Amino acid sequence: MKAPLSWLREYVSLPQSISTLEIEEAFVSVGFEVEGIEERGKDLVGPLVVGKVVSIEQVLGQKKPIRYVGLDCGEGETRFVICGASNFMVGDLVVVSLPGAVLPGNFAIAARQTYGHISNGMICSLREIALGEDHAGIMVLSEGQPGEDAIALLQINDVIFDVAVNPDRGYALSIRGLARELATALKLPYSDPAQSVSPELLESNALGVQVTIDDPTAASVIHIRTLENFDSAAPSPIWMRSRIEKCGMRSISLAVDVTNYVMLELGQPLHAFDAEQITGSLHIRRAIRESEFTTLDNQLRKLAPTDVLVADDLRALALAGTMGGLSSEVTSTTTKLAIEAARFDPISIAKNSRSHRLSSEASRRFERAVDPALSAIASARAVSLLIELGGAKYVGSASAGSVPVGTPIAFDPHFVSRLLGVAVAVETVASHLETVGCSIKVVSGSVWYVTPATWRSDLLTPSDLVEEVGRLVGLNAIEGTLPIGRAAATLSPMQYRKRGVAHHLANRGFAEVYNYPFVSPEMVTTLGFTGARAASFKLANPISEQAPLLRTHLLPGLLDTAKRNLGRGAKDVAIFEIGSVFRDVSKLAHLSPVSTTSRPTAETIADIYASVPPQPLFVASVVVGSLDRSGWWGGGRSFDWSDATQMALDIVELTGNTGVIVQSELAPWHPGRCAEIQVGGKPVAHAGELHPRTLEALGLPPRTCAFAVNLSEVPVLSSKSAKPIFAMPAATQDVSLILEASIPAAKVQAALSSGAGPLLESIVLFDRYENLGDGKVSLAFTLTFRAADRTLTSDEVSGYRESAVQVAARECGAIVRA
């Protein structure tokens, strides 16, 4: 919410000496972050004056329209300037920067020869004087006198605070709400603009447009004010246009500007209908009869039966709380207005906005709950402005529904000190609660009934009230203390595992990333996920409609991240992520709302866990490019599928388990270059090269590799035994075997290991030769033997080697390569 300081001063008695830093700190102290401060007019130096157009001469022979304009700037003689805009005529008032002026961007104005004439100044657009982004034409004024100081007239010099408003504080999306918070923070007098409006003076009768709430779940209260004899050609006054534009909106017409101005001032969205286009009465109902509706932006929108509409007796007129309809738009011929102010259901408006992907200033406020007491006040305020500025005549009012009565909250004032951890006097508690609009009924010293103000619908529990007291006491007044953990508290085995794996991969040169846990159905299809890996949960309210599913695997996010980094110039990418996945593979228990007033029972805790899906912890990685770079030292080597397999195996063995590699076919990996790693016969990881079709669809380079390890399925060992360190020398033997190419190297390695005996320390595959023909392949291994108590003889080692070869020949059909 952008708030001009000049507007805030109307409702808060701010001292003239107060600095912008002090105001920023005041907002922050009561929980409102200031995202930006714009000191408008700081880099603008006059003279900047109002000029009246007295003559226009077209400069001929130019590729674009160029006009030589005569101006009355109150100097007693005509001043001439060159201008390329054509959206003004003789008699219009414009803003003129005279020689010597400096516009934003250090743009100095001087008299100069151009297009065969002397241009003695410049006529300005909104953007040139930093009042907006409109640069299509110059700024035409609705008021002012030739020679008048335009900087003062347009109220250019101002400070604008861009304040972040949390979703539970919708009341602060208004100057009224922010001024109240600022006055509270600085302990200064506050003047509520709503109290200056007298809605009771507007008579309710049957002369104007009538209204009914057909669906009570859609709105709680609504007021309709009818006006006639409205002058639609009347301009919005400069002060109103200036304030609207400083708040980030643009001036459109008087009727629209008044509704926007009141919304910014009080926080109540309004809508103006052309009353002549309303047939019968207005109705607040669901879209049970309509399937399509054209909104003000001329977009035909498909309606759902749950959409909330404002309709007359025949048709829909507006998408309630979101955007008006084209058929009842206020135009230049409108003379009769119906001003609507309602308190729509926040959830219904949020659904309206999201289902149509149509977020408006009105929907942002309705979603955050508008004060139901404001509809009468804001509509009356709009009526008074339209009568004053547009010459309208009041006809009558109609209303439906009522302002909901607040529910008192049973509250112990001493609970504040217990929850905050700092002593807060009972008197201070009462004072702060009354400051935020609460009324208090004291039953006893420890029993109060606190009724929140209508504009604080977020205050529902005693803890909410404590939060309000806490932020007004000031978080700086609450001393920070570190929590004392339980004796012998330590990390869980899975936490140790997660940290260990992260450090292991980081030490190998991998970069850890964090991705959103949301995926698109198209990505699931592209990766070929089936079964449990395709059984996902669809979010009811996704951040993006393109990614409404919870991830069942880490690869979708990693592949998107890899593509993004490659697109930004990266040559070699090695990234990993550790996170949970969510699979809809079991029926979940239904859980009723759990009370937060006391610790849940063990049975309730068990029910809570039974109501959420399994969320196994995975680590996954995507690697593109070189494992070893080439350079003056020699050639490099690309990361291939065998490297991915070894990385996954290393992670499994890092946990103390022994992994067994078997051949596998699992999308999205290449069927001939995919390995499965098993622990105790159970698959826990997959690794290899991704399928070429998948890589082509995602726009990734060929030979991209990936691995994924289900850390939750890798057993947690009660104890780990370190390998003994022997002082005796090792003896090595190489063996080269010929066998069928279809036999996995892991199977051959396992056979050699089982036949080599207990003194085998390690076995490493160091060569694979595939050009033997006849479907044969040669695998070469190095076997390392070592005894704890002696040096092995060559005969012993040869015997172990021969025993290993015999087992490989029996189990794999291997023969020794000569």
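**Helices and their labels**

Author: Let's start at the end of a helix: just after α9, G391 takes a positive phi of about 65°. This is a predicted model, where local features need pLDDT of at least 70, side-chain atom pairs count only at pLDDT 80 or more, and totals for chains, interfaces and linings use all residues. Residues are numbered from 1 along each chain as its sequence is written, and side-chain values use heavy atoms, with hydrogens and water left out.

Reader: What makes α9 largely enclosed by the rest of the structure?

Author: Buried means under 20% relative accessible area (exposed is over 50%, partly exposed in between, with a 1.4 Å probe and protein chains only). In α9, 13 of the 17 residues are buried, so the helix is largely enclosed.

Reader: Which residues of α15 are buried?

Author: L555, P556, G557, L558, L559, T561 and A562. Just after α15, G569 takes a positive phi of about 105°.

Reader: Why are α5 and α6 called oblique to each other?

Author: They pack at an angle of about 55°, with axes 10 Å apart. Angles under 35 degrees count as roughly parallel, over 145 as roughly antiparallel, 65 to 115 as roughly perpendicular and the rest as oblique. The pair is therefore oblique.

Reader: Which residues make the contact?

Author: With contact meaning heavy atoms within 4.5 Å, W239, M240, R241, R243 and I244 of α5 meet D257, V258, Y261 and L264 of α6.

Notes: Axes are lines fitted to C-alpha atoms, for helices over the stretch in contact, and angles run from 0 to 180 degrees between N-to-C directions. Helices (H or I, at least four residues) and strands (E, at least two) are DSSP runs, numbered from the N terminus.
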